[in-house]
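Hi everyone, thanks for coming. Let me put the model up on the screen, and then we can walk through how the chains meet.

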Protein chains: 2
Amino acid sequence: MHSLTVELGERSYPIFIGNNILSDINLSEYIVGRQVLIVSNETIAPLYMAKLDMLLTDFCVDHIILPDGEQYKNLEQVNTIFDQLLTCKHNRTTTLIALGGGVVGDMTGFAAACYQRGVNFIQIPTTILAQVDSSVGGKTGVNHPLGKNMIGAFYQPNLVIADIEYFQSLPQRQVAAGIAEIIKYGFIYDADFFVWLEQNISALMAKDAQALSYAVYRSCQIKAEVVAKDEKEMGIRAWLNFGHTFGHAIETHQGYGSWLHGEAVATGMMMAVDLSCRLGWIEPALLQRAKDLLEAAQLPICAPEDMTVDDFLTLMSVDKKVLDGSIRLVLLKELGQATVTADFDRALLHETLSLGKQLAQL
Amino acid sequence: MHSLTVELGERSYPIFIGNNILSDINLSEYIVGRQVLIVSNETIAPLYMAKLDMLLTDFCVDHIILPDGEQYKNLEQVNTIFDQLLTCKHNRTTTLIALGGGVVGDMTGFAAACYQRGVNFIQIPTTILAQVDSSVGGKTGVNHPLGKNMIGAFYQPNLVIADIEYFQSLPQRQVAAGIAEIIKYGFIYDADFFVWLEQNISALMAKDAQALSYAVYRSCQIKAEVVAKDEKEMGIRAWLNFGHTFGHAIETHQGYGSWLHGEAVATGMMMAVDLSCRLGWIEPALLQRAKDLLEAAQLPICAPEDMTVDDFLTLMSVDKKVLDGSIRLVLLKELGQATVTADFDRALLHETLSLGKQLAQL
């Protein structure tokens, strides 16, 4: 079992990573009161809820099962969590446990942040994406019809358990989407890890437990390092949004739940690499390596055909990375080093945004 | 003009208090970006919005006018604030200004806490209650059908302006309700201030500007002291809930908006004093002084006739002061000193809860 600590002063918390580790962890160490609400979704609950329940026989455990999918990540669903907490008379010493993917984690974390102005919160992410991204760093929240993740809070869990076992039931499309976020860490922070990913992409896609454990561990480690340096996203943490400004525009345009988040990020990363290349900051060879790796992970690298440059610009201007009207993007200075900038030629951005045929020139 | 600073490290903020002071304060010092959203309600906006707008001509100002009343303090209304922010493309450097009473302040603060995971926030409370209670200390949030203030966040404003001028348009019933919270500070923290209130209650009820300025200033000072000692309400801050556990039960039972918050708190304080007296912690003479002062402020001191002991116990058990099933109450050890305890004779609580005839024995 790998483990690491996200260093945030009095809000520091541990992450445990490994295959079939849930029963090895003493959950009661991390639960303050007697009440627990497990939040899960209709896909995950039938598979894994009973096992978790068995580890919590010393507590008063209630449950809520949410519908599965990004399109349900909204205030109405969070409100059903509040309904359940209040109906079951949970007080402010209660602990919320998120058992599910990023959507369950984001909504449960936000509910924990807001219920009685903040209660305890444990994350048990069941997807690759949630383990390497949304479970680390305290970003919680929901979507709004006019923009993704526009409503939320910074709120840290007491504990994160990243169990590789859950990936066995994960459809291949979700495995690929999760690997997109893992690849991101190579791009922005660690050229050696990018090379490791190029060498191990087949093992990862085949759900090899050892390869996945290491990839999740290294990803969490990088994210934890970045978040510890910059909890409230004033500087380096913005690197984690690499590919996301483009990606969010795609998700919003296509309607939440149509593209998986990781798929949109993969295409977004390809666009960010493409623009970095057009700006002359990186070599065309890296553009090719990016394309090869993302394709080996069976990820989309071209924006939807029905999205125009104007669609992108409109949707990107409501993205959180926009400061006073100018679009700020996370781009690459070199492999393993990102940069946040609004200082680029808009004409080159337009070329990148009309992606399909441009990338074909590779 | 009085002023004080709420000391909370890097989240410290100033409160300015006085009569007709708005134009004396350089608002632009406290606004970070170019965008401002003023949140107000349909009662206050026609009276005071134009004057505030005139002080903000250097900024891009948008507005949202909410319906007036505690019954609208809910997630749906907060969502209309998000709608407006997103429709007007406000980014994360925006500043929300709450111009209104406690309901506007609580909802605007919660919206500021959650919009893009936290944006700047200025409070301009227009009621006595909001100036001495909900504008100080960072408690924001909304009600849920199953409980009051159950959803929210601790979130500090950048600035609070408490202008006495707004009280001129305040109905007498709201003046009285605000004075209930001022009296609370005497009960729990400052016996001398309680005596001052006994001597000045007529001037306060007559909206004397000098008396009101001092009463608001001293109340904010006490609350700021308490909050600075205990931001997250683990200890002494709970004293501020004096009268509120009973009061919230009354508000919930009667339906939000039927009793004013301050009215319910007045009756709740009377019940807390009554129970403290039954427990032998304070003299019956103080019970009489409490009754006299609250009656001089034209406040109700008896619970609604249609509320049974069981109604109270049921509604109090979902209150945030309940830890693991036992009801914790804020009671008085002496005038000017409160205590939080679950250690009291339940039979005496039952006597207090069947209030009407008991108090008549005075």
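**How the two chains meet**

Let's start with the surface they share: 100% of the interface residues of chain B are also interface residues in chain A, so the copies meet through the same surface. By contact I mean two residues whose C-beta atoms, placed from the backbone, lie within 7 Å.

A quick word on the source: this is a predicted model, where local features need pLDDT of at least 70, side-chain atom pairs count only at pLDDT 80 or more, and totals for chains, interfaces and linings use all residues. Residues are numbered from 1 along each chain as its sequence is written, while chains are lettered from A and ligands numbered from 1 in the order in which they are written.

How many residues does the contact take from each chain? Chain A gives 33 residues and chain B gives 33 residues. On chain B, α2 (75–87), α3 (102–114), β7 (139–144) and β8 (147–154) each supply at least two residues of the side touching chain A. β8(B) gives the most, with 6 residues. Helices here are DSSP runs (H or I, at least four residues), as are strands (E, at least two), numbered from the N terminus.

Now the symmetry. Chain B superposes on chain A by a rotation of 180° with 0.0 Å of shift along the axis, RMSD 0.0 Å. The two copies are thus related as by a two-fold rotation axis. That superposition is by least squares on the C-alpha atoms of residues with pLDDT of at least 70 in both copies. Within chain B, the residue that comes closest to the rotation axis is B:L75, at 4.2 Å (C-alpha).
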